[in-house]
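Hello,

Here is the structure we talked about handing over. Please open it alongside this note; what I found follows below.

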Amino acid sequence: MDLGIKGRKAIVCAASKGLGRACAFSLAREGVDVVITARTAETLERTAEDIRLATGVSVTAVAGDITTEAGRDAALAACPEPDILVNNAGGPPAGDFRNWDRDTWIRAIDGNMLTPIFLIRAVVDGMCARGFGRIVNITSASVKSPIPTLGMSNGARAGLTGFVAGLARQVARHNVTINNLLPGPFLTDRLRGTANPPPGKTVEDVIAERAANSPAGRVGDPAEFGEACAFLCGAQAGFIVGQNLLLDGGAFNATLG
Ligand SMILES: NC(=O)c1ccc[n+]([C@@H]2O[C@H](COP(=O)([O-])OP(=O)(O)OC[C@H]3O[C@@H](n4cnc5c(N)ncnc54)[C@H](OP(=O)(O)O)[C@@H]3O)[C@@H](O)[C@H]2O)c1
């Protein structure tokens, strides 16, 4: 299926590894020129080169922390009028909410709620004026089904989800869509880093258990996530507005989502 976005321009945040990288790859395969960001320049440049070699599109690597104003400004300077914006950043740490002070919470809210909102604010009016825009926010399955140890993720991402639900309906008539992708367990560094194996078990043991307990019998492949993102960014996806698409292999047990 041709998604009809060849020649479009995208900013994909936090995209040197994992889910962001997969989204950038899938968009690039559709012929979209991508600006990708991450804090570590070396890994980011390697990913940029991988995407260039595999797809031939223009790939610009912008090293910086997307949760800072400077990081966002740098990404926007490299692509002032994106057609597509994929919001992503690292997830907040796990732990017990009793140990989180105000600064810790503010960092989580900055990263997983305010950063996407400020990027949307920077680009959405231009998208409306041009009559095309696709914004995808990478959130988490924790928005639908809270993960006890990831309270900051549950909270900050739910805040973004509520904001987006309102804004998506205000811009849809301009062929600008805003949707959220909710990953369950995908095999990335983040999944390994939050596995937290009990004594006597390895990270691999924990991931294997999660896979075995999933209706799909496995964890997700980031490439699958990237393809879902590209689909939501496609020309044909203009009637998909303000949705929260769960990619979790069926782990969320419900008759209706
Ligand atoms: N994988 C899962 O199973 C899963 C499940 C639910 C939710 N999520 C969420 O999905 C998002 C992506 O996760 P992932 O699994 O793809 O993680 P990952 O494999 O650890 O990759 C994270 C990427 O984001 C970049 N990054 C992190 N913080 C950044 C920042 N402040 N500014 C710019 N770039 C930044 C990293 O590069 P640098 O470190 O060099 O900046 C890296 O490229 C996270 O918010 C995560 O919590 C993931």
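**What the model shows**

The crossing of helix 4 and helix 5 is right-handed. Please keep in mind that this is a predicted model.

Some detail on that pair. Helix 4 covers residues 102-130 and helix 5 covers residues 151-171. Their axes come within 8 Å and cross at roughly 15°. That angle makes helix 4 roughly parallel to helix 5.

The contact can be listed from both sides. Helix 4 brings T104, W105, A108, I109, N112, M113, P116, I117, I120, V124 and C128. Helix 5 answers with G151, M152, A156, R157, G159, L160, F163, V164, L167 and V171. By class, the residues of this contact are 16 nonpolar, four polar and one charged.

Helix 1 (residues 18-29) and helix 8 (residues 222-232) have axes that come within 7 Å and cross at roughly 55°. Helix 1 is therefore oblique to helix 8. This crossing, of helix 1 and helix 8, is right-handed. From helix 1, the contact uses G18, L19, A22, C23, S26, L27 and R29. From helix 8, it uses P222, A223, F225, G226, E227, C229 and A230. The contact of helix 1 with helix 8 divides into nine nonpolar, three polar and two charged residues.

Seven strands form an open sheet with parallel pairing, in the order 3-2-1-4-5-6-7. Which strands stand at the edges? They are strand 3 (59-63) and strand 7 (244-247). Each has a single partner strand, so one side of each is left without a neighbour in the sheet. From one strand to the next, the twist averages 15°.

Inside the sheet, strand 5 (residues 133-138) and strand 6 (residues 176-183) run parallel and are joined by six bridges. V136 has N179 in strand 6 as its bridge partner.

Finally, the overall picture. The protein has eight helices and seven strands. Its radius of gyration is 18 Å, close to the 18 Å that the globule rule gives for 257 residues, so the protein is as compact as a globular protein of that length. The C-alpha trace spans about 55 × 40 × 40 Å along its principal axes.

Best wishes

Definitions and conventions: Residues numbered from 1 in each chain as written. Predicted model: local features only at pLDDT ≥ 70, side-chain atom pairs only at ≥ 80, totals over all residues. Heavy atoms only, no water. Axes fitted to C-alpha atoms, helices over the stretch in contact; angles between N-to-C directions. Helix = DSSP H or I, 4+ residues; strand = E, 2+ residues; numbered from the N terminus. Parallel < 35°, antiparallel > 145°, perpendicular 65-115°, else oblique. Left-handed = near helix turned anticlockwise from the far one by under 90°. Contact = heavy atoms within 4.5 Å. Nonpolar A, V, L, I, M, F, W, Y, C, P; charged D, E, K, R; others polar. Pairing = 2+ DSSP bridges. Rg over C-alpha atoms; globule rule 2.2 N^0.38 Å.
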